[in-house]
Amino acid sequence: MPYTHALVRPPASNFADGLTSSDEGAPDIALALEQHRAYCQAIEECGLEITDLPADPLHPDGTFVEDTAIVMAHGAIALRPGAPSRVGEVDSVVAALRRHFPDIAQIFVPGTVDGGDVCEADGHFLIGLSSRTNELGARQLARLLGDLQCTSSIVDIRGSETLLHLKSGLAYLGNGCMAVTAEFARDPALSRYEKIPVRAEERYAANCIRVNDRVLVAAGYPKFIDMLVARRFNIVPLEMSEFRKMDGGLSCLSLRF
Ligand code: CIR
């Protein structure tokens, strides 16, 4: 079923105050806004109608709306982000989602789940256990997904020093294809997928998104882009430098449904 809607929120003027592990310096807010506009335009060109929430200076990471909810055609689940500074981002996203989904289930204390740890692949959900998503949150989410007739399985990334979220290292691109960094190349939980390997020096590119008939991918990662082109994916490269500085990627910037 094609996506028809996306929910986004532009970065606030204090975006640089968000959480990050990157040593690439502070983001340039004017450039971040320009990159966000280009991202929204690319999503619209995939045929989605955009709901644009106002920037939220109370939550400098609020532009990464993906971490606050799981949304699919027939239901939505409000999450509880694992970073305390991000918990307050959820309410405004849920309020906007209620236009489409009157009943929204939620993850309860002390469960935590970041949407960046949840990867949907044709109705099956991979749930990453990470420094942000705890076991209780993952179990609650699996049950709530089951209520929505979706299956799920757990992938533990807590041993990785480099992956913030599950989707920092993998992306489902449709047609049984999964882009994966080396951490996932031999993961038994992913044995059913055809893997598209992402090289270590291009690992940021693993966070790409299939949106209807296109794949939005970070610009500047030529080897990965060549592999997608060789597999006949219709790609849209986007500049992401300012979001990368805050540990964010393409999936984080929208909820698509
Ligand atoms: C954070 O550390 O929470 C944000 N600075 C980045 C969140 C990126 N979200 C994602 O990968 N889903």
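Start by selecting G116: leaving out residues up to four places away in sequence, G116 touches E66, D67, H165, L166 and K167. Touching, or being in contact, here means heavy atoms within 4.5 Å.

Before you click on, a word about what is on your screen. This is a predicted model, where local features need pLDDT of at least 70 and side-chain atom pairs count only at pLDDT 80 or more, while totals for chains, interfaces and linings use all residues. Residues are numbered from 1 along each chain as its sequence is written, and side-chain values use heavy atoms, with hydrogens and water left out.

**Stop 1: around G116**

Keep G116 selected. You'll find G116 in the loop between β5 (104-106) and β6 (118-121). Those helix and strand labels are DSSP runs numbered from the N terminus: helices are H or I with at least four residues, strands are E with at least two. Is G116 buried or exposed? G116 counts as buried, because its relative accessibility is 1%. The cut-offs are under 20% relative accessible area for buried, over 50% for exposed, and partly exposed in between, using a 1.4 Å probe and protein chains only.

G116 and A69 sit 47 residues apart in sequence, yet 9.7 Å apart in space from C-alpha to C-alpha.

Stay in this loop and pick P110, which also lies between β5 and β6. Look at the peptide bond running from V109 to P110: that bond is cis, with omega near 0°. In general, most peptide bonds are trans, and most residues other than glycine have a negative phi.

**Stop 2: two positive phi angles**

Select Q149, in the loop between α3 (135-147) and β8 (151-156). Phi of Q149 is near 65°, a positive value in a residue that isn't glycine. Q149 counts as exposed because its relative accessibility is 69%.

Next, go to D247, in the loop between α5 (241-244) and β15 (255-256). D247 isn't a glycine either, and its phi is positive at about 65°. With 28% relative accessibility, D247 counts as partly exposed.

**Stop 3**

Jump to E89, in the loop between β4 (75-78) and α2 (90-97). E89 is buried, as its relative accessible area is 1%. Which residues does E89 contact, leaving aside neighbours within four places in sequence? They are R9, H59, D61, G62, F64 and T68.

Show the side chain of R86 too: a polar contact of 2.8 Å joins the side chains of E89 and R86. A polar contact is a pair of N or O atoms within 3.5 Å; within protein, one must be able to donate a hydrogen and the other to accept it, and residues adjacent in sequence count only if both atoms are side-chain atoms.

**Stop 4: a strand residue**

Select I154 in strand β8. I154 is partly exposed, with a relative accessible area of 43%. Setting aside neighbours within four places in sequence, I154 is in contact with I127, L129 and A138.

**Stop 5: out to the exposed loops**

Go to G47, in the loop between α1 and β2 (49-52). G47 is exposed, with 53% relative accessible area. G47 touches Y3 and T4, not counting residues up to four places away in sequence. Draw a line from G47 to G146: these two are 99 residues apart along the chain, and their C-alpha atoms are separated by 29 Å.

Then pick S21, in the loop between β1 (5-8) and α1 (29-45). S21 is exposed, with a relative accessible area of 64%. Its C-alpha atom is separated by 32 Å from that of D122, 101 residues away along the chain.

**Last stop: zoom out**

Clear your selection and look at everything. The protein chain has five helices and 15 strands. Its C-alpha atoms fill a box of roughly 40 × 40 × 35 Å along the principal axes. How much of the chain is buried? Of the 257 residues, 55% count as buried. Finally, among contacts in the protein chain with a separation of 6 or more, 68% come from residues 24 or more positions apart.
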